[in-house]
Number of protein chains: 2
Amino acid sequence: MAIHTFKAESILKEGMAVESTSRDFTIRADEPKNIGGKNTGMSPVEMLLCALGSCECIAARLFAVSQGIDLKGFRVSVEGDINPEGFLKGQEVTRPGFQGIRLKISVEANAPKDRIDEFVAFIQSRCPVAETIMNGVTIEVTQNVIS
Amino acid sequence: MAIHTFKAESILKEGMAVESTSRDFTIRADEPKNIGGKNTGMSPVEMLLCALGSCECIAARLFAVSQGIDLKGFRVSVEGDINPEGFLKGQEVTRPGFQGIRLKISVEANAPKDRIDEFVAFIQSRCPVAETIMNGVTIEVTQNVIS
């Protein structure tokens, strides 16, 4: 099976607004007014939490049948902690990114608790966004173009 | 400075569609038709790339002044490779998440190339989403609710 390359492009707009496009879809990011934005979209760190939550949900849908779960509903509450000093003062002070992420998962299915726990653990082991975030991946800046 | 907790909630809808909400903002995720979705939104792994690209853009806007860059424009092309076997067959075969992420950054500013390169490197060191993805973070499932 071949490796698949996913692509996106983000363009800085007025103020702190950003339009990010992948295939036919565009998401707008911004910052709240107390950070200097105009609050016209969620912030990128919130978008990361949404990417994680939605990946868990799709993995649940995709693996429910093979895992023997008659899935009626699935939702994920995601929380993550950031210390703004990491962004403002640098990694010598504290990390700029998330210090920890917590998931509260609600499964609606007619199955005993131990089977649900196994199902949730299975999803964690396969979810691409969760695995990326847990284990990290190299980000390489291949080119700076100045125009 | 206090730690700030960011929050989101993702709810599985019909098929593979997912609605994820953070504060007042909602993003829809789905999968392309060849994966069994209805292609009504970008996939979660594409959303992760958009979160990364938009965070780079906002960091550029926020740090341009203090870094002495008269920023006219900023855009990021993001690419990431996934081997679907990791998702389908598990981590024993290959990792389910991104195997590598590449950024091509275009800066529009009246500054020499070495100053632009320093500016781009500074952004990489502070961008919260980039730092999370590069170094990884613990994801804890704190509660499974069965309903």
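This briefing walks through the overall build of chain A and then looks at one residue of chain B. The model is predicted, so local features need pLDDT of at least 70 and side-chain atom pairs count only at pLDDT 80 or more, while totals for chains, interfaces and linings use all residues. Residues are numbered from 1 along each chain as its sequence is written, and chains are lettered from A and ligands numbered from 1 in the order in which they are written.

**Chain A: elements and overall form**

- Chain A has four helices and six strands; helices (H or I, at least four residues) and strands (E, at least two) are DSSP runs, numbered from the N terminus.
- Reading from the N terminus, their order is β-β-β-α-β-α-β-α-α-β.
- Chain A is more spread out than a compact globule, because its radius of gyration is 18 Å, well over the 15 Å that the globule rule gives for 147 residues. The radius is taken over C-alpha atoms, and the rule is 2.2 Å times the number of residues to the power 0.38.
- The C-alpha trace of chain A spans about 55 × 35 × 30 Å along its principal axes.

**Chain A: burial**

- In chain A, 46% of the 147 residues count as buried. A residue is buried if 20 or more other C-beta atoms lie within 10 Å of its own, exposed if 12 or fewer, and partly exposed in between, with C-beta atoms placed from the backbone.

**A look at K33(B)**

- You will find K33(B) in the loop between β3 (25-29) and α1 (44-64) of chain B.
- K33(B) is exposed, because it has 9 other C-beta atoms within 10 Å.
- From K33(B) to E131(B) is 98 residues in sequence and 33 Å in space, C-alpha to C-alpha.
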